[in-house]
Amino acid sequence: MDPRTAAFEVIRMVNEYRVSQAISVAAMLGIADHIKDGKRSAVDLASLTGTHPRALYRLLRALAAAGIFHEAEDGQFSLTPLGGALRSDAEHSAAPWAAFVGRPYYRQAWSDLLYSIQCGRNAFRHAHGKGVWEYRAEHPEESGIFDLAMAANSRGVAAAILAAYDFSRFPVIMDVGGGQGALLAEILAANPRSRGILFDQPHVVAAAGRVMAEKGVAERCDIVGGDFLAALPSAADALLLKWILHDWDDETNISILKNCRKAMRADGKLLVFEAVLAPPNEGATAKFADLNMLVAPGGEERTAEEFRSLLAKGGFEVADIIEAGPRISVIEARPV
Ligand SMILES: C[S@@+](CC[C@H](N)C(=O)[O-])C[C@H]1O[C@@H](n2cnc3c(N)ncnc32)[C@H](O)[C@@H]1O
């Protein structure tokens, strides 16, 4: 590649944050839902979304040039296949994640990435004076937006997890830090003889009853609010930890794992769902997720070896690591 092309390419990559924020704003405004049944002008959309008509037009034409919407000759906007993923009723809607990623409080942590790189500490805490979970507990709107993003992501990978792992042998499955219960609801729906326990912070599980009812599994699932750093309800046959260990440092994870060990039957299984870091020069998604862990919750993504070592310190032996999809592996462990 010649030096000028290389410079253009790097500048294009650097400027991608603008595309990200523009998509996020379109998701926050629910533009895709407003044009799912037919095209509309920016003026109509501005009146439906309470926004400035000319500014909204500029957002929409930029996103049309990026392939998210289509701008017709008459200035009306419709959905492209990419934009269809921003519909709230899309089969795998990207809207909740897109809306979350652009939230100013969260972007602020990313803006402070240099701080984390210089000192190794958590940029979110530096920017806000508290950790992400404390911040969200104090800001219910942000907590709700984050929880919906997690639920959408969990639904997106649930089919791959169900295809990769057989849960039917477990009478009681507890999802520890299971958010609003999206993954557990899918697992219970696919395994009618299993019962579930959903465990997360009280303000997060408050929305779980509806999620369970929508999948028809409410009667087979107990919903428990609490603190996994303190104690868990006991006697589950399988404990799930999805996107939990990557949020924390090793020391905190060892406390969580010890609490899991106490809560599980002797022949139980711990199932960790995380991205496993790829060898050098591969797996950019997980390696950028790792930077996200550094700046936002203060954790890290890990290699298979790092998971084995961490789980051993928490009293578990890894029995198997199954790659369920590009973003998710199932790490099966047993208590030792
Ligand atoms: C990255 S999210 C993952 C949610 C869910 N497992 C999923 O994959 O969709 C981490 C979850 O940990 C929960 N969490 C954080 N601190 C917690 C604590 N001390 N006790 C219980 N849950 C906690 C959060 O509320 C959040 O739902």
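Start by selecting the ligand together with Gln201, where an oxygen atom of the ligand is 2.9 Å from an N or O atom in the side chain of Gln201, a polar contact in the sense of a pair of N or O atoms within 3.5 Å. Before going on, keep in mind that this is a predicted model, in which local features need pLDDT of at least 70 and side-chain atom pairs count only at pLDDT 80 or more, while totals for chains, interfaces and linings use all residues. Residues are numbered from 1 along each chain as its sequence is written, and side-chain values use heavy atoms, with hydrogens and water left out.

If you now show the surroundings, 17 residues surround the ligand, and the closest are Ser154, Gly177, Asp200, Asp227 and Lys242; a residue counts here if one of its heavy atoms lies within 4 Å of the ligand.

**Helix α12**

Next select Asn153, which lies in helix α12, residues 140–164; helices are DSSP runs of H or I with at least four residues, strands are runs of E with at least two, and both are numbered from the N terminus. Asn153 counts as buried at 15% relative accessibility, where buried means under 20% relative accessible area, exposed over 50%, and partly exposed in between, with a 1.4 Å probe and protein chains only. Leaving out residues up to four places away in sequence, Asn153 touches Trp97, Trp243 and Arg327, a contact being heavy atoms within 4.5 Å.

**The nonpolar cores**

Now colour the largest nonpolar core, in which Met174, Leu232, Leu239, Leu241 and Leu270 touch the most other members among its 28 residues; such a core is a set of buried Ala, Val, Leu, Ile, Met, Phe, Trp, Tyr and Cys residues joined through side-chain atoms within 4.5 Å. The elements giving two or more residues to this core include β4 (172–176), β7 (236–242) and β8 (264–274), while its largest share, five residues, comes from α16. Centre the view on Leu232, whose contacts beyond four places in sequence are Met174, Val176, Phe199, Leu239, Asn259, Cys260 and Ala263. A second, separate core of 27 residues includes Ala185, Leu188, Ala208 and Phe273.

Select Asn253 in helix α16, a residue that is buried with a relative accessible area of 0%. Asn253 touches Ile244, Leu245, Trp248, Arg302 and Leu310, again not counting residues up to four places away in sequence. Then move to helix α17 (residues 284–295), whose buried residues are Ala286, Asn292, Met293 and Val295, and show α8 (104–111), α9 (113–119) and α10 (123–128), which are included in what covers them.

**Two further stops**

Finish at Pro192 in the loop between α13 (182–190) and β5, which counts as exposed at 59% relative accessibility.

Note on methods
A polar contact is a pair of N or O atoms within 3.5 Å; within protein, one must be able to donate a hydrogen and the other to accept it, and residues adjacent in sequence count only if both atoms are side-chain atoms.
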